[in-house]
Amino acid sequence: MVKKLPDKADLRADLDRETQRFLQEGGKVKSVPPGVSGKDPLAPPLYLTRRLFAEPRSERTLVPEVVAAIEERRKALQKQQPASKGRVQPRPRRKILYDDFGEPLRQIWVDD
């Protein structure tokens with residue numbers, strides 16, 4: 001069975017019910033003037049006060065079976081790759097011969 005996610009109307013109705021219950025049990029709502037922030041303007045920004053990596057570094061536990069399986073897969077992939085066919089034979093290429101003034105005279109085929 002799939003649980004139905006609450007929509008905005010449901011959330012609003014729940015909030016209204018909780019507010020009414022709070023007021024009926026004697027709770028009071030403080031009036032806050034518009035434009036007043038809940039944040040202290042003299043306090044440093046939150047990102048400067050929050051410590052990253054506060055807990056000590058945890059040791060990792062190696063699982064030899066998993067490491068061995070990964071290494072075996074890596075070696076198998078290296079073996080599967082086709083071996084190179086050796087050195088490719090150079091193909092003849094066309095070379096242009098120039099005269100003393102830099103003008104092309106003729107073309108010849110050269111094996112490098």
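Modeller: First, the whole chain. Of the 112 residues of the protein, 1% count as buried; buried means under 20% relative accessible area, exposed over 50%, and partly exposed in between, with a 1.4 Å probe and protein chains only. This is a predicted model, where local features need pLDDT of at least 70, side-chain atom pairs count only at pLDDT 80 or more, and totals for chains, interfaces and linings use all residues. Residues are numbered from 1 along each chain as its sequence is written, and side-chain values use heavy atoms, with hydrogens and water left out.

The protein has three helices and two strands. Helices (H or I, at least four residues) and strands (E, at least two) are DSSP runs, numbered from the N terminus. The order from the N terminus is α-α-α-β-β. The radius of gyration of the protein is 39 Å, well over the 13 Å that the globule rule gives for 112 residues, so the protein is more spread out than a compact globule. That radius is taken over C-alpha atoms, and the globule rule is 2.2 Å times the number of residues to the power 0.38. The C-alpha trace spans about 105 × 55 × 40 Å along its principal axes.

Now the start of the chain. L5 sits in the segment before α1. L5 is exposed, at a relative accessible area of 72%. From L5 to A43 it is 38 residues in sequence and 38 Å in space, C-alpha to C-alpha.

Next comes helix α1, residues 8–24. Its 17 residues reach 24 Å from first C-alpha to last, close to the 24 Å expected at 1.5 Å a residue. The expected span is 1.5 Å times one less than the number of residues. Just after α1, G26 takes a positive phi of about 100 degrees.
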